[in-house]
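The following note comments on a single chain, for a colleague who will examine the coordinates directly. Please read the points alongside the sequence and the model.

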Amino acid sequence: MPSRETKSGNPRPADKGAAKAKRNAAIRRCYRQESVRDRIRAFFLDNIGKVATREQIQKVAADPKTRRIPENWHQRLSELRTDEGYTILSWRNRGDLKVSEYLMPNADKRATAAKRLKIHHEIWLKVLERAGYRCEWREGNVACGLKSGDIDPIGGGTVKLTPDHKRPHAVDPAADPKAPDAWQALCGRHQVVKKNYWDHTTGWLNVYAIVQAASEAEKRQVYEFLKSYFGDAK
Ligand SMILES: [Zn+2]
């Protein structure tokens, strides 16, 4: 980029470039770690405090040999937050981030995040049987119903059902891992939605994420409520 003096006092292109380099993450090495999650984690740890884009994450998440971008990269990114306790901010948390920009502000891990309940295999089989081998997530009155091996028409990729403990550990630490009713079968997309709904460390609901995922009709209802709450109703 040519760098020319300007008399107007606007930053010169070279200064703009420097500001960009200060803000933005960069891929400075090859990520050859075994798993997708390992590669994404290493990339973020190399770029603490810098803004990473969706394209960069997809690039480092790609298989080092085939260069194929994994369809579930977003879920692996989400696990760094929920399972490992890292803070990764997005536009939902920070106004200066754009959609599909992410930032790890520091390398700290929340200690409680690692503690997760594991289901017993025989209980999981019971849950699957009850679920009819379908995702049990319900949106209003509509069940997701995706079956293992189906192609997810919204998220893309092959559906794999995994167990979800309905009440977060932080809310209900004494929960019985052997009670089938405490568990549900969820597809990968709804595991992510569920994780976005609950902050597992505080047990608080993430109201914003819930409204975002709500149907048009539910959003309209919330909108009307907020209008009257803030006195904006006509
Ligand atoms: Zn589902």
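Which residue just after α8 takes a positive phi? Glycine 231 does, with a phi of about 75°.

1. Basis of the note. This is a predicted model, in which local features need pLDDT of at least 70 and side-chain atom pairs count only at pLDDT 80 or more, while totals for chains, interfaces and linings use all residues. Residues are numbered from 1 along each chain as its sequence is written.

2. Confidence. The average pLDDT (the predictor's confidence in each residue, from 0 to 100) is 83 for the chain, and 84% of the residues score at least 70. Residues 1–8 stay under 50. For this segment the model has nine contacts beyond four places in sequence, a contact being two residues whose C-beta atoms, placed from the backbone, lie within 7 Å.

3. Architecture. Eight helices and six strands are present; helices are DSSP runs of H or I with at least four residues, strands are runs of E with at least two, and both are numbered from the N terminus. Their order along the sequence is α-α-β-α-α-β-α-β-β-β-β-α-α-α. Of the contacts between residues at least 6 apart in sequence, 55% join residues at least 24 apart.

4. Helix α8. The number of buried residues in α8 is zero, so the helix lies largely in the open. A residue is buried if 20 or more other C-beta atoms, placed from the backbone, lie within 10 Å of its own, exposed if 12 or fewer do, and partly exposed in between.

5. Buried residues account for 18% of the 234 in the chain.

6. Valine 60. This residue of helix α3 counts as buried because it has 24 C-beta neighbours inside 10 Å. Beyond four places in sequence, valine 60 touches Ile27, Tyr31, Arg39, Ile40 and Phe43. The C-alpha atoms of valine 60 and phenylalanine 43 are separated by 7.1 Å, although the two are 17 residues apart along the chain.
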